[in-house]
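Here are my notes on this model, jotted down as numbered points. Have a look at the structure first, then read on.

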Amino acid sequence: MKRVVLLTILCVVFACPTIVGWAIDPGEVGVNYNCAFPNSVKVDGNLKDLSWQFAPWHEVPHDKGTAPAPSDKDASYSFAVVADDKWLYVAFKVKDDKIQKDGDVGCDVWKDDSVEIYIDAGHEQAGSYDKNDAQITIGADNIGGDINKPKLGGCVGITQGPTTGTIAAVVTTSDGWAVEAAVPLKNAGWDIKPKDGLVIGFNTHFNDDDDGGARDHKLIWSDKDVADRSWTDPSVYAELTFVEEKLAVSQKNKLATSWGWIKSSMKKEPGKETYERSRSFEKNQSSLYH
Ligand SMILES: [Ca+2]
Ligand SMILES: [Ca+2]
Ligand SMILES: [Ca+2]
Ligand SMILES: [Ca+2]
């Protein structure tokens, strides 16, 4: 079931390290995200980490949500998730033609430009929030802010967004803004221990404000959230499945270990020993060397 693609770069100059990376089955947009672990990133707002290069990115276009935007340029986003033993890392690339921030802050930041992460750690899919459910809202008002003490919204339920211990770096980009966040796997609300096949409830949203005042567009990843109910109803979340796969190795001395993974993967999936270059990798490979 799990599709594994081997990507290998053998540089022609000795100074360039050998990089072995994996592209995993991305899951299904709106239904399930396959989260590779153990993989770490540096939470600094720069999304050139190798883990982000090889992680699946789910695209949420301008017309997927309860308040669609006229175009992807006006409002759309993509996100990726990886995890290590301490953090669930979530990255967003937000396309947004007008950044609105500082009009509504704190618990009201959902009225300004903001992205939302939803967690149902116990995957109970209940109709109301229990202790292991949370809405974590990260506004564009964190651009240039303190990564370790971001301003967070999500003031609903028991384990409210600002109490989750989430850290986040938010930066502007050429066509909008980006978020690199990390949600603790252990806090007062939950203790998630990633293992291959573990499923939690998960969703992401983007609130787009273009002119101050009320929110203008609402984009939603989960297919089940057709009425913008995730803030109160975890049963409309989609799912995140942990997949044990190291996405990238850059050090020469780790190559032997990498071949070990290749062999074990071939054993796991008889008949799927054919590896191919990934289109997404070709798209991204130039940035690996910058
Ligand atoms: Ca980074
Ligand atoms: Ca906006
Ligand atoms: Ca729950
Ligand atoms: Ca507005």
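**Notes on the strands and one loop**

1. Strand β8 is covered on both faces: Ser 114, Glu 116, Tyr 118 and Asp 120 on one side, and Val 115, Ile 117 and Ile 119 on the other, are all buried. Buried means 20 or more other C-beta atoms within 10 Å of the residue's own, exposed means 12 or fewer, and partly exposed is in between, with C-beta atoms placed from the backbone. In a regular strand, side chains alternate between the two faces of the sheet.

2. Housekeeping: this is a predicted model, with local features needing pLDDT of at least 70 and side-chain atom pairs counting only at pLDDT 80 or more, while totals for chains, interfaces and linings use all residues. Residues are numbered from 1 along each chain as its sequence is written, and chains are lettered from A and ligands numbered from 1 in the order in which they are written.

3. What flanks β8 (residues 114–120)? It pairs antiparallel with β9 (133–139) over seven bridges, and with β13 (199–208), also antiparallel, over seven bridges. Pairing takes at least two DSSP bridges between the strands. Tyr 118 faces Gln 135 in β9 and has Asn 203 as its bridge partner in β13.

4. Strand β6 (75–83) has eight of its nine residues buried, so the rest of the structure largely encloses it. Strands here are DSSP runs (E, at least two residues), numbered from the N terminus. A three-residue hairpin leads from β6 to β7, and the two pair antiparallel over nine bridges.

5. Ala 227 sits in the loop between β14 and β15 and counts as exposed because it has 10 C-beta neighbours inside 10 Å.

Definitions and conventions: Helix = DSSP H or I, 4+ residues; strand = E, 2+ residues; numbered from the N terminus.
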